[in-house]
Each structure stands twice: as C-alpha cells, then as structure tokens.
Amino acid sequence: LAQSPTPDEAAPPSLNQQFNSLSRDRRAARDAADRLTLLGEQKARDQQYREAVETWLQALDIYREIGDSPAQEQVYEYLGLTYATLARFDVAEDAFRRQLAIARYNEHFQGQIYGLNNLGGLLLKRGNPTAAQAVFEEALTIA
C-alpha cells in the first residue's frame with residue numbers, strides 16, 4: 001500500500017524557500033561567471049587572446065542570464081580591448097559601444113568615461129580623428 005504524503009511533502013515550497021533556492025542558483029551562476037572572467041584575464045595576460053575572448057563570451061552569457069549589467073559592462077570592455085589588440089576593429093567598436101550603452105543605462109559615469117575613451121582611442125587607431133575628438137570631448141564633459 002502506498003502511503004499518502006504528509007502535509008509537508010504535499011505542500012509546494014514557500015515563497016521564502018523559492019527565493020532562497022533562486023538566490024543560491026544565482027550566486028552559483030555568478031561565481032561561475034566570475035571565475036570565467038578571471039580566467040579570461042589570465043589568458044589575456046598570457047597573450048592567449050582568442051582563448052580569453054572565448055572565456056569572456058561564456059561569462060557574458062551567464063551575466064546576461066542573471067541580469068548582472070555591471071559585470072557585462074566590464075566584460076565588454078575586456079572584449080573590446082582584446083579585439084583591438086587582435087586588430088578586429090569592427091567587433092572591438094561594437095564591444096565598446098555595448099560597454100558604453102550599459103554604463104549610460106546604469107548612469108555609471110566612470111564607466112561612460114572609460115567607454116568613451118576606449119572608443120575614441122579605437123577611432124584614432126582606425127584613422128578617424130574627427131570622430132575621436134568628438135568622443136573624447138564627450139568624455140571630458142562627463143568627467
């Protein structure tokens with residue numbers, strides 16, 4: 001004979017239990033993404049740029065999933081700098097623009113300044129001093 005469930009077994013998890021479970025899952029995901037970000041930094045220091053990019057893209061997926069926009073902003077900066085090092089200027093510019101967009105959305109003024117300076121440096125490297133000057137002036141205004 002099967003036993004009927006006890007009241008505790010039959011009851012759905014409480015809101016607190018659900019929140020704690022989600023919070024633990026989010027913390028675990030964040031820890032994994034942070035480890036990937038640090039691993040990417042190490043790979044970049046070791047000049048393993050392609051491996052660094054792959055690692056950061058994995059971290060970025062996790063940060064997006066858990067909604068951690070400040071971490072996304074940081075990873076986009078790493079990606080932009082690394083893509084620029086690899087002379088992949090189009091994707092570097094895209095990464096810097098995404099970094100800047102997140103910083104603007106979050107009203108992170110220091111992040112906006114870094115993003116604009118990164119973008120301006122890239123525009124100079126690409127031979128567009130007029131656009132670079134406008135970007136640097138915007139960074140100066142924010143500063």
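Relative accessible area sorts residues into buried (under 20%), exposed (over 50%) and partly exposed (in between), computed with a 1.4 Å probe on protein chains only. The structure shown in these views is a predicted model, in which local features need pLDDT of at least 70, side-chain atom pairs count only at pLDDT 80 or more, and totals for chains, interfaces and linings use all residues. Residues are numbered from 1 along each chain as its sequence is written, and side-chain values use heavy atoms, with hydrogens and water left out.

View A. A salt bridge is a side-chain nitrogen of Lys or Arg within 4 Å of a carboxyl oxygen of Asp or Glu. Helices are DSSP runs (H or I, at least four residues), numbered from the N terminus. A network of salt bridges with shared partners joins Asp90, Glu93, Arg97 and Arg126.

**View B. Asp90 and Arg126 pair across distant parts of the chain.** The closest N and O atoms of this salt bridge lie 2.6 Å apart. Asp90 belongs to helix α5, whereas Arg126 is in the loop between α6 and α7, 36 residues apart. Asp90 is exposed at 57% relative accessibility; Arg126 is partly exposed at 37%.

**View C. Arg30 and Asp68 meet in a salt bridge.** The N to O distance is 2.0 Å. Arg30 lies in helix α2 and Asp68 in the loop between α3 and α4, so the pair ties together parts that are 38 residues apart in sequence. Arg30 is partly exposed, with a relative accessible area of 31%, while Asp68 is buried at 8%. A search of the whole structure finds eight salt bridges.

**View D. Glu73 is buried without a salt bridge.** This residue is placed in helix α4. With Lys and Arg counted as positive, Asp and Glu as negative, and His and the chain ends not counted, the nearest side chain of opposite charge to Glu73 is Arg104, 11 Å away. Contact means heavy atoms within 4.5 Å. Not counting residues up to four places away in sequence, Glu73 touches Gln99, Ile102, Ala103, His108 and Gly111.

**View E. Trp56 and Tyr78 form a stacked aromatic pair.** Rings of Phe, Tyr and Trp (its six-membered ring) pair if their centres lie within 6.5 Å, and planes under 30 degrees apart count as stacked, over 60 as edge-to-face and the rest as tilted. By this rule the count is one pair. Its centres are 5.2 Å apart, with 25 degrees between the planes. Trp56 in helix α3 and Tyr78 in helix α4 are 22 residues apart. Trp56 is buried, with a relative accessible area of 2%.

**View F. The largest nonpolar core contains 31 residues.** Such a core is a set of buried Ala, Val, Leu, Ile, Met, Phe, Trp, Tyr and Cys residues joined through side-chain atoms within 4.5 Å. Trp56, Tyr63, Val75, Tyr76 and Leu79 touch the most other members. Two or more residues come from each of α2 (15-45), α3 (49-66), α4 (69-85), α5 (89-105), α6 (109-125) and α7 (129-142). Helix α3 gives the largest share, eight residues. Leaving aside neighbours within four places in sequence, Tyr76 is in contact with Leu60, Arg64, Ala95, Arg98, Gln99 and Ile102.
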